[in-house]
Amino acid sequence: MRRFTWSMSSTSVSSSNSYSQTFQQLPGAIIIGVRKGGTRALIDMLSLHSGVAVSQKEVHFFDLQKNYEKGLPWYVSQMPYAFPDKLTIEKTPAYFTDVHTPERIHQMNPDIKLLLIVREPTLRMISEYTHAFHNRLRIQKQYMSINDFLLKDGEIKLKCIALNRSLYYVHMQNWLEYFPLDSFHIVDGDELIRKPWQEINKVERFLKLEPQINSSYFYFNETKGFYCLKDHGQEQCIRESKGRAHPYVAPAILEKFYQYFHEPNKKFFSLVSRTFNWS
Ligand code: A3P
């Protein structure tokens, strides 16, 4: 049985049988990005928590006009069925860089919790290239070399979208127009790779979840080179498209980018009142 329930403060759809009643409800937290920051790993890891229900696919409600026009009932219909005491979380990395999304999310719920995961900006760009390269390969199309992706006539391509996405402060400024800093928790994507349980513990605290996910939920997979998950005894690695080998980039090119990002990174650190292991 499906029933729509509407109220000023909440929108939910319920499904019941004689044993239980589960609901689709608006998310209490959203992973807003950044693309290639480790968003899939983050949501898969959070899904191990017994108090959390996650939407498996990227919903793209706030950033895609055609979805936004379908309204909140459509958004709710994209959420997982869960008991009402569970925290629903969705992730759509495109939200972070979309100019309309902060205001739209704020209109829906000004108290929502926002999770952002960032990584060293040059590495994030190379990850984006690797992703695009493999997508093209899958459809048997060629893609430019990493050097052509990054540089034109030996200089950084300033108009590159991937470069813009790594200018975290630009996008963060837009979010801070609508939400105070304490609405956000920023996950260190590089640390999530090294010691995932430590980063997840911080997220649990921010989301006011009971601390549950410890190192016993992970095992290091030598072949993959990443931590994989143990879910009720079942071992599972985050999907194959994540964690692929990156192309070689000459140290001099990397250095050029580290220098380029130095000032933007400082601005980001100042906006969010913390630093990361990259500068
Ligand atoms: P690479 O594929 O470039 O290594 P997103 O999910 O936002 O697209 O981010 C993808 C990135 O998540 C991967 O980038 C990978 O480095 C990172 N990641 C973090 N933890 C991971 C894990 N446990 N398994 C696989 N990838 C992980």
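Where does Ser273 lie? Ser273 sits in the segment after α11, and we will come back to this residue at the end of the tour.

## Before we start

This is a predicted model, in which local features need pLDDT of at least 70 and side-chain atom pairs count only at pLDDT 80 or more, while totals for chains, interfaces and linings use all residues. Residues are numbered from 1 along each chain as its sequence is written, and side-chain values use heavy atoms, with hydrogens and water left out.

A few terms come up again and again. Helices (H or I, at least four residues) and strands (E, at least two) are DSSP runs, numbered from the N terminus. A residue is called buried under 20% relative accessible area, exposed over 50%, and partly exposed in between (1.4 Å probe, protein chains only).

## Around the ligand

Let's begin with the ligand. There are 17 residues around the ligand, and Thr39, Ser127, Lys242, Gly243 and His246 come nearest; to be near, a residue needs a heavy atom within 4 Å of the molecule.

The side chain of His246 places an N or O atom 2.5 Å from an oxygen atom of the ligand. For Ser127, a polar side-chain atom lies 2.6 Å from a ligand oxygen. Gly243 uses a polar backbone atom, 2.7 Å from an oxygen atom of the ligand. On its own the ligand has 580 Å² of accessible area, and the protein covers 96% of it (Shrake-Rupley method, 1.4 Å probe; for residues, only the protein chains shown count as cover).

## Salt bridges

Side chains of opposite charge can pair when their charged atoms come close. Here a salt bridge is a side-chain nitrogen of Lys or Arg within 4 Å of a carboxyl oxygen of Asp or Glu, and by this rule the count comes to nine. Glu128 pairs with Arg124, with the closest N and O atoms 2.7 Å apart. Both of these residues are buried. Glu128 and Arg124 are four residues apart in helix α5 (residues 121-138), so about one helical turn separates them.

Two further pairs also sit within helices. Arg194 and Glu191 meet at 3.0 Å, N to O; they are three residues apart in helix α9 (residues 189-194), so they are separated by about one helical turn. Arg194 is partly exposed, at 46% relative accessible area. In helix α11 (residues 251-272), Glu263 and Lys266 are three residues apart, about one helical turn, and their salt bridge spans 3.3 Å, N to O. Glu263 is partly exposed at 42% relative accessibility, and Lys266 is partly exposed at 44%. Salt bridges that share partners also join Arg35, Arg124, Glu128 and Arg165 into one network.

Arg104 belongs to helix α4 (residues 101-108). Setting aside residues up to four places away in sequence, Arg104 touches Phe62, Gln65 and Tyr68, where contact means heavy atoms within 4.5 Å.

Helix α10 (residues 196-206) has several buried residues, including Trp197, Ile200, Val203 and Phe206. The buried residues of α10 pack against α1 (39-46), β8 (113-118), β11 (184-188), α9, β12 (218-221) and β13 (226-231).

In helix α11 we find Ile253, buried at 12% relative accessibility. Beyond its neighbours within four places in sequence, Ile253 is in contact with Asn147, Leu150 and Leu151. Ile253 and Gly154 are 99 residues apart in sequence, with their C-alpha atoms 8.9 Å apart in space.

## Backbone details

A cis peptide bond joins Gly33 and Val34, with omega about 0°. Val34 is in the loop between β4 (29-33) and α1.

Lys208, in the loop between α10 and β12, has a positive phi near 55° although it is a residue other than glycine. Lys208 is exposed, at 70% relative accessibility. Back to Ser273: its phi is near 55°, again a positive value in a residue other than glycine, and Ser273 is exposed at 58% relative accessibility.

How values were computed:
Polar contact = N/O pair within 3.5 Å; in protein donor to acceptor, adjacent residues only side chain to side chain.
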